[in-house]
Amino acid sequence: MDFIARAANQTPSTYRLVDCLSKVLIIACKESTDLLEEVLTKEGFHVEVLRQEHKPEYQNFSRSYLCLMNHRRAWEQAATASKPTLIIEADFVPVVGFGQLPLPFNPSQNNVGISWLYTCAPQVYSVSAEGYAEGFSASTVAYIITPQGAKCLIDLAEETREKKGAEVYSAWDSGVDNFLRAKKLKNYIPFRNYGEHGGLPNLEHYKNGLSKTHRADVLYGKLAFLPLYAAAEKGEYLKLLSARFEARLKGIARLATGKFLRIRVLQGSKFPARMLSFAIRRQLSMYL
């Protein structure tokens, strides 16, 4: 496919995603994951679904904490794996050719914590000579976690339980980057997003002062299937185009206003031209 060929020329990795992972763990509650499983299986991945447990004692737990509990189950598996593990939430929609896309970090590097494949409010910190980008994301919709990163995030789950408790909303996913960096691990963002967050608005986020929706600013290619937020509406393709167009505009605005690549980060870089090139080129895409 032409977009995969272009991706190979724009990113440094010669390592295909499908060759570098132990398995894919899908975090789900009651959602159907049949279509997502079908796409990922055809891409060559070993897929397992982890469904949220329902117990009487969980009745008053916040949705954010229940989500954390399910991710923790995935981290416990990932911590004992021989390769990095891909963890995705049930409302993630991959692009066509997902498994053929490049790994966003060097697999021989031994201090990697996490690498996001879908980013929310991303920032870039540095770009290596090979083109790998260290950075930040606030989302756990789709990410690769290394065994050492998973062990650290189990500690984050414990810390969240002790400090916040189970019944209080916590934006724990926003603290993943800082937590892992404090453990001397490096975190990576992709050149472009490997898929879209297809979920409906999250009212718990909204009640706690955060945006109730977030979408990928720029994609590697065409989506493998229609996201739930578009399928749930009349005029589904128009809804999809509208949402994707808005997301692209927000991404370009974040670049233009120095939120993706912050001025102080650029000024402190030994290779500012490399960072500017990465930041600008990622938005030069024909795909919404």
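Leu241, Phe245, Leu249 and Leu288 together form a nonpolar patch on the surface, with about 370 Å² of accessible area. A patch consists of residues with over 30% relative accessible area and no salt bridge, where like charges are joined within 9 Å and nonpolar side chains (Val, Leu, Ile, Met, Phe, Trp, Tyr) within 5 Å. A salt bridge is a side-chain nitrogen of Lys or Arg within 4 Å of a carboxyl oxygen of Asp or Glu. Accessible areas come from the Shrake-Rupley method with a 1.4 Å probe, and for residues only the protein chains shown count as cover.

This is a predicted model, in which local features need pLDDT of at least 70 and side-chain atom pairs count only at pLDDT 80 or more, while totals for chains, interfaces and linings use all residues. Residues are numbered from 1 along each chain as its sequence is written, and side-chain values use heavy atoms, with hydrogens and water left out.

**A residue of the patch**

- Leu241 belongs to helix 8 (residues 236-256); helices (H or I, at least four residues) and strands (E, at least two) are DSSP runs numbered from the N terminus.
- Leu241 is partly exposed because its relative accessible area is 48%, given that buried means under 20%, exposed over 50%, and partly exposed in between (1.4 Å probe, protein chains only).

**The protein as a whole**

- The protein contains 10 helices and 10 strands.
- Its radius of gyration is 18 Å, close to the 19 Å that the globule rule gives for 288 residues, so the protein is as compact as a globular protein of that length.
- The radius is taken over C-alpha atoms, and the rule is 2.2 Å times the number of residues to the power 0.38.
- Of the 288 residues, 52% are buried.

**Strand 5 and its partners**

- All five of the five residues of strand 5 (residues 112-116) are buried, so this strand is largely enclosed by the rest of the structure.
- Strand 5 runs parallel to strand 9 (residues 186-189), joined by two bridges, and Val112 stands opposite Lys186.
- Strand 5 runs antiparallel to strand 8 (residues 142-145), joined by three bridges, and Ile114 stands opposite Ile145.
- Two strands pair if DSSP finds at least two bridges between them.

**A buried loop residue**

- Gln52 lies in the loop between strand 2 (47-51) and helix 3 (63-78).
- Gln52 counts as buried because its relative accessible area is 17%.
- Leaving aside residues up to four places away in sequence, Gln52 touches Ala28, Cys29, Leu66, Cys67, Asn70 and Arg73, where contact means heavy atoms within 4.5 Å.
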